[in-house]
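I begin with the contacts of a single side chain and then move to helix packing.

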Amino acid sequence: MPVRPWRPEELGRPADGDRVDVAFGLGRVCEHEGDLERAAHWYRRAAESGHAGAALRLGAVLGRLADVGSGGESAEDLLAEATRWLSGVQAATTPDAIELITDMLNRHQRQAARRGLEPTATG
């Protein structure tokens, strides 16, 4: 079997399922190590190429990032993106997916409650 040259920037391209699986694996490693932003990056690349498991994990990681506060995005934006990924997964009827979607709904409710407790500007 011939060996083809590999470059990291090629990960996640839709043309090669093996690379999508590698991107998903990198996401799992980063998530396991607690680097949620890098995990989201790799899961997103795999999910954009149609990897259903990556879309589920991406939704979960984005929800966790919203809970802890991410440096670049608001919690509302992270939750909205997570919801888009979770709602688009075809395997959304599995127990794991249902649990993730329920967890995301709970996060949305907590976020809405926080917004309700914020003081409003009077003017």
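Entry 1. I looked up Met104 and found that it touches Gly59, Gly63, Leu79, Ala82, Thr83 and Leu86, leaving out residues up to four places away in sequence; contact means heavy atoms within 4.5 Å. I worked from a predicted model, in which local features need pLDDT of at least 70, side-chain atom pairs count only at pLDDT 80 or more, and totals for chains, interfaces and linings use all residues. Residues are numbered from 1 along each chain as its sequence is written, and side-chain values use heavy atoms, with hydrogens and water left out.

Met104 is found in helix α5; helices are DSSP runs of H or I with at least four residues, numbered from the N terminus. Met104 counts as buried because its relative accessibility is 3%; buried means under 20% relative accessible area, with a 1.4 Å probe and protein chains only. From Met104 to Leu86 I noted 8.7 Å between C-alpha atoms, for 18 residues of sequence separation.

Entry 2. I then turned to Arg107, which is placed in helix α5 (residues 95–117). Its relative accessibility is 8%, so Arg107 counts as buried. What joins the side chains of Arg107 and Asp67? I found a polar contact of 2.7 Å between them; the term denotes a pair of N or O atoms within 3.5 Å, where, within protein, one must be able to donate a hydrogen and the other to accept it, and residues adjacent in sequence count only if both atoms are side-chain atoms. Beyond its neighbours within four places in sequence, Arg107 contacts Gly63, Arg64, Asp67 and Leu79.

Entry 3. I checked Ala75, which lies in helix α4 (residues 75–87). With 18% relative accessibility, Ala75 counts as buried. Ala75 touches Ala66 and Gln111, residues up to four places away in sequence not being counted.

Entry 4. I examined helix α2 (residues 36–48), whose 13 residues reach 18 Å from first to last C-alpha. Its buried residues include Leu36, Trp42 and Tyr43. Just after α2, Gly50 takes a positive phi of about 95°.

Helices α2 and α3 (residues 52–68) pack at an angle of about 150°, and their axes are 8 Å apart; axes are lines fitted to C-alpha atoms, for helices over the stretch in contact, and angles run from 0 to 180 degrees between N-to-C directions. I therefore recorded α2 and α3 as roughly antiparallel, a term for angles over 145 degrees. Among the residues that meet are Leu36 and Tyr43 in α2, and Leu58 and Leu62 in α3.

Notes
Helices (H or I, at least four residues) and strands (E, at least two) are DSSP runs, numbered from the N terminus. The expected span of a helix is 1.5 Å times one less than its number of residues. Buried means under 20% relative accessible area, exposed over 50%, partly exposed in between (1.4 Å probe, protein chains only). Angles under 35 degrees count as roughly parallel, over 145 as roughly antiparallel, 65 to 115 as roughly perpendicular and the rest as oblique.
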